[in-house]
Amino acid sequence: MDETWDIINSLAAQLDSRSTRQGQERWLVQIVKLQEEVGEVAEAAIGALGENPRKGYSHSWDDVRAEACDVITTGMVLLARMGGDPRQLFEEHLRRLAARDLRPERG
């Protein structure tokens, strides 16, 4: 997982070095990019189901998976661009989710 976060941090640094925006405006642009990526997953899913009247079956489920990976990557880059230790923040959040949602059911 270290390599993953090294790549994410490098992508974030590269985007920051090319951006004309500062601080929270950079974050906002990345949030809009995340929303765009989510839309692409939806478009691919519609295409995989053949429900686009103009395009029919325009995507495969592999396309949907790839778009989902883009969403995850874009979200991770957003976290990295917002400062702090993104890996630590993500892992702490994931542990909280697990504690909340993966509790054994009581019967």
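1. Helices here (H or I, at least four residues) are DSSP runs, numbered from the N terminus. Asp 62 lies in helix H3. The model is predicted: local features need pLDDT of at least 70, side-chain atom pairs count only at pLDDT 80 or more, and totals for chains, interfaces and linings use all residues. Residues are numbered from 1 along each chain as its sequence is written, and side-chain values use heavy atoms, with hydrogens and water left out.

2. How do H1 and H3 cross? Helix H1 (residues 2–18) and helix H3 (residues 61–81) have axes that come within 9 Å and cross at roughly 70°. Axes are lines fitted to C-alpha atoms, for helices over the stretch in contact, and angles run from 0 to 180 degrees between N-to-C directions. H1 and H3 are therefore roughly perpendicular to each other (65 to 115 degrees). The crossing of H1 past H3 is right-handed (the near helix is turned clockwise from the far one by less than a right angle).

3. A salt bridge joins Asp 16 and Arg 81, at 2.7 Å, N to O. This pair links distant parts of the chain: Asp 16 sits in helix H1 and Arg 81 in helix H3, 65 residues apart. The term means a side-chain nitrogen of Lys or Arg within 4 Å of a carboxyl oxygen of Asp or Glu. Arg 81 is buried, at 11% relative accessible area. Buried means under 20%, exposed over 50%, partly exposed in between (1.4 Å probe, protein chains only). A network of salt bridges links Asp 16, Arg 26 and Arg 81.

4. The structure holds nine salt bridges. One of them pairs Lys 33 with Glu 36, the closest N and O atoms being 3.1 Å apart. These two are three residues apart in helix H2, so about one helical turn separates them. Lys 33 is partly exposed at 33%, and Glu 36 is partly exposed at 39%. Glu 25 and Arg 21 also meet in a salt bridge (3.6 Å, N to O).

5. Asp 62 is exposed, at 54% relative accessibility. Thr 73 is partly exposed, at 31%.

6. Which residues make the nonpolar surface patch? Leu 28, Ile 31 and Val 32 make it, with an area of about 280 Å². Patch residues have over 30% relative accessible area and no salt bridge; like charges are joined within 9 Å, nonpolar side chains (Val, Leu, Ile, Met, Phe, Trp, Tyr) within 5 Å. Ile 31 lies in helix H2 (residues 23–49) and is partly exposed at 40%.

Notes: Accessible areas come from the Shrake-Rupley method with a 1.4 Å probe; for residues, only the protein chains shown count as cover. Angles under 35 degrees count as roughly parallel, over 145 as roughly antiparallel, 65 to 115 as roughly perpendicular and the rest as oblique.
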